[in-house]
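This briefing covers aromatic ring contacts and charges placed over rings. Please view the sequence and the structure alongside the text.

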Amino acid sequence: MSNNVPFEIQEEIIKHLPVKSLIRCRSVSKSWKSLIGSSKFITLYRSQQQHLLVYNYLSVDHPNCVSIIDDNTFPQQRVPLTLPLFVKMLKRFKKVGSSHDLLCLYSDGKLVIWNPLITKAVAVVVPNVVDDKMFQTVLGFGVCRETSDPKIVKIRYIDKFADMESVSSIPWQVEIFMLSTGVWRSPNSSNLPRKSIIFGSGDGVCVDGVYYWLATDRSTVDAQIRAYNMIISFDMTSEEFREVNLPDSFVYRGPMWDLSIYNLRESLVLVERSAVGTDNLIYDVWMMEDGVPKLFTKLYTIHAPYARIIGVHEIRKSGELVMEVMEDDWKAKSLVVYEPNLKRISNLGISRGPNDVGQIYVHSYMETLLLLDQPSLTIFDNGKRYVEKFEWRAKSRWLLSHTSKE
């Protein structure tokens, strides 16, 4: 760019470029590299380009990851992604959530925060994780709206329907991790939800800096094991919990594993599954209006008796559901998109065999520069930040050892 163009104008042009172009622009000049790598630029950079990440995890040796641009060309523009080492090392992971275009994955006591487009990931060791017949641990991930600081919330609670008197005497144990400090601490707010609440087994979701979990109030369980379905939220900025009541039709409609939640254009979406017959599933898609609890509007219903739907993976920014279906010959499972206006299912051309033990993960994310200023192979453990050393060994596959710390 010409030196005759004032740097302020250059900066305005640069901040509208996509992430891949910004990474290349760091090699143009020292001033551009300094600008793009500055904490202020990284924090304030926003892109309107949404992607759909598809991670076809066949095994630790054969992961296949592709990013599909989610615009009017969908699904033609596909970009294969290079996985950072920390992501490759995750065997069977659980998606904690995505926020400010970062993905958070969990496996075996370790969280990985990942920026797919810049191939950067940091790891966080989660302390005191206990999952057994008595205790359960749930996690949430989001970015503070005011500081753009990634946060993790960890909740440890008693998971028992019986003996409510003793259960209610033991409070939740809540800890917060902030990437900027690298330490776990107590939340700023002490307003914990009622001790009789337990969480669902499905994924939670972060919407506009607030994390949501499906939950049940076990104090309402009756003889038929029907309980009060609800949503628990945690604000990543104020660090306050809140109980979100569902519409009456969902409260005792069925078990909470028939419900799932998603983020659609920073609004909370609820997907309800019901069955007609043995293999005929119906999905109703609802959106919460303006963040008002109990006020949900139905967007559309999916009733496709001609398709063997296995489950819903994600929701596009257009509102279309990304689902997995069994092919007619029962020899493959494929990713499809349901178009509600046309009542049509379109195949994405991504499939796996019926005997594959792996899993397909689908995540929506926007472009961001967050984590660009983090050193590669950074891991936070017990209040310290380490930069790991990587070695390859045939038997142990990867060997990481602490080489430096702060």
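A residue is called buried under 20% relative accessible area, exposed over 50% and partly exposed in between, with a 1.4 Å probe and protein chains only. The model is predicted, so local features need pLDDT of at least 70 and side-chain atom pairs count only at pLDDT 80 or more, while totals for chains, interfaces and linings use all residues. Residues are numbered from 1 along each chain as its sequence is written, and side-chain values use heavy atoms, with hydrogens and water left out.

**Aromatic pairs**

- Rings of Phe, Tyr and Trp (its six-membered ring) pair if their centres lie within 6.5 Å; planes under 30 degrees apart are stacked, over 60 edge-to-face, and the rest tilted.
- The count by this rule is 15 aromatic pairs.
- The pair of tyrosine 55 and phenylalanine 93 is tilted, because the ring centres are 5.4 Å apart and the planes meet at 45°.
- Both tyrosine 55 and phenylalanine 93 are buried.
- Phenylalanine 199 and tryptophan 213 make an edge-to-face pair, with 5.4 Å from centre to centre and 70° between the planes.
- Phenylalanine 199 is buried because its relative accessibility is 7%, and tryptophan 213 is buried at 5% relative accessible area.

**Cluster**

- Tyr157, Trp172, Phe199, Tyr211, Trp213, Phe234 and Phe241 are joined into a cluster by ring pairs.

**Charges over rings**

- A charge sits over a ring if NZ of Lys or CZ of Arg is within 6 Å of the ring centre and within 35 degrees of the ring normal.
- Arginine 316 has its charged end over the ring of phenylalanine 74, 3.9 Å from the centre.
- Arginine 156 lies over the face of phenylalanine 135, 4.2 Å from the ring centre.
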